[in-house]
Amino acid sequence: MIKVKKRKILLLPGDGIGPEVIAELKKIINWFNDKKSLDFEIDQELVGGCSYDKHGTPITDEVFYKALESEVIMLGAVGGPTWDKLEFSKKPERALLKLRKELKLFANLRPAICFKQLVDASTLKPEVVSGLDIMIVRELTGGIYFGEPRGIKPIENGERKGINTHTYTTSEITRVARIAFDLARKRSNKVTSCEKSNVMEAGQLWKEEVQELHEKEYKDVELSHMLADNCAMQLLRNPKQFDVIVTDNLFGDMLSDQASMLTGSLGLLPSASLGAKNKDGEMRAMYEPIHGSAPDIAGKGIANPIASILSFAMALRYSLDLDKEADILEKAVQDVLNDGLRTKDIMSEGMKETSTSAMGDAIISKLQ
Ligand code: IPM
Ligand code: MG
């Protein structure tokens, strides 16, 4: 078999169950190296609370520069109650936000797919969620998460004032909207753009810019605008009306959590954060499971590694141009679920409960 160019993958397991799920992912990457002659070069570093404990900062310059040079970053999760009381700049989450912002990962793709094997795990009726396949495209480097001014300051009457600023520019809106339209063309060709144009100027601008881009370049795609609160409601009422949802950083944070729960399987959902392409056509990208650090179950060997493994399938597809390998990996996950293997989070009657590492091994055995 022909050896392809060395591709650098940086693993950042982070905190909580991050290290456990990334350990399984590592087995999968090594399988591809050994069995498919792919030349992934793996490196691993601390980020988040574990980095703070060792170095006094959630991400060291060294790790940050490594991330800058990596084509693909696979993140586990950061944060946990241990570090809740730290000042803002030292919190584990700052590492994540710094990576997103400095690597300019402006488009966050969060699929909400209801796996047919898990329809009953949703809190919604099976007929409402079966076959559900939504892609939320969340703007990731702007809006209220990063706007200035920000801070907490004393005011005259002895009270304090907390300040955050919500801003968006034309180009920040259009570049993420473009990703949403392009994705829609490969799916069911429908985009719903969400904002609060009824109360926020930045929301009004969002709506106008998306509309204008649509008229100029994407007339073939069906576009509708929806107020973000209505979208939250519609996601529960009739989620299958959506194909691609594009929205700002904060609304995207909330709507994607909500959408993920429709599927009943938070432990299965991957995500991709994509940046702009450089002149060589390479794009920075970070992939992570959406489930977070789940400190309550950390270290017990019961976490579900599937979301992190499916995040790697996204990396194969979006960063590494290895669609066939992505298909193989996604198929292996389906096969394992069809066999009735379940980690604790998705366990139901009649299924076989497995540990984190047994799940990883089972997926590898399906790859063979
Ligand atoms: C997410 C998380 C993060 C966010 C936190 C951990 C900073 O909730 O990725 O959705 O708010 O963006
Ligand atoms: Mg979130």
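This is a predicted model: local features need pLDDT of at least 70, side-chain atom pairs count only at pLDDT 80 or more; totals for chains, interfaces and linings use all residues.

Reader: How much of ligand 1 does the protein bury?

Author: On its own, ligand 1 exposes 320 Å², and the protein buries 73% of that. Ligand 1 sits in the largest pocket.

Reader: Which residues are around ligand 1?

Author: They are Glu93, Leu96, Arg100, Arg110, Arg138, Tyr145 and Asp253. Helix 4 (residues 92-102) supplies the largest share of the shell, with three residues.

Reader: Which distances should I look at for Arg100 and Arg138?

Author: For Arg100, an N or O atom of the side chain is 2.7 Å from an oxygen atom of ligand 1. For Arg138, a polar side-chain atom lies 2.8 Å from an oxygen atom of ligand 1.

Reader: Why does ligand 1 lie between domain 1 and domain 2?

Author: Because both domain 1 (1-103 + 284-368) and domain 2 (113-265) give residues to the shell around ligand 1.

Reader: Now for the backbone. What should I expect there?

Author: Most peptide bonds are trans, and most residues other than glycine have a negative phi.

Reader: Is the peptide bond from Glu148 to Pro149 cis or trans?

Author: That bond is cis, with omega near 0 degrees. Pro149 belongs to strand 6 (residues 147-154).

Reader: And is the phi of Lys104 positive or negative?

Author: Lys104 has a positive phi, about 55 degrees, although it is not a glycine. You will find Lys104 in the loop between helix 4 and strand 4 (107-113).

Note on methods. Residues are numbered from 1 along each chain as its sequence is written. Chains are lettered from A and ligands numbered from 1 in the order in which they are written. Side-chain values use heavy atoms; hydrogens and water are left out. A residue is near a molecule or strand if one of its heavy atoms lies within 4 Å of it. A polar contact is a pair of N or O atoms within 3.5 Å; within protein, one must be able to donate a hydrogen and the other to accept it, and residues adjacent in sequence count only if both atoms are side-chain atoms. Accessible areas come from the Shrake-Rupley method with a 1.4 Å probe; for residues, only the protein chains shown count as cover. On a 1 Å grid over the protein atoms alone, a cavity is a set of points where a 1.4 Å probe fits but cannot get out, and a pocket is an open set with protein on both sides within 12 Å along at least five of seven lines; lining residues have an atom within 4 Å of a point. A molecule sits in a cavity or pocket if more than half of its atoms lie within 2 Å of its grid points. Helices (H or I, at least four residues) and strands (E, at least two) are DSSP runs, numbered from the N terminus. Domain bounds come from an automatic or database domain assignment.
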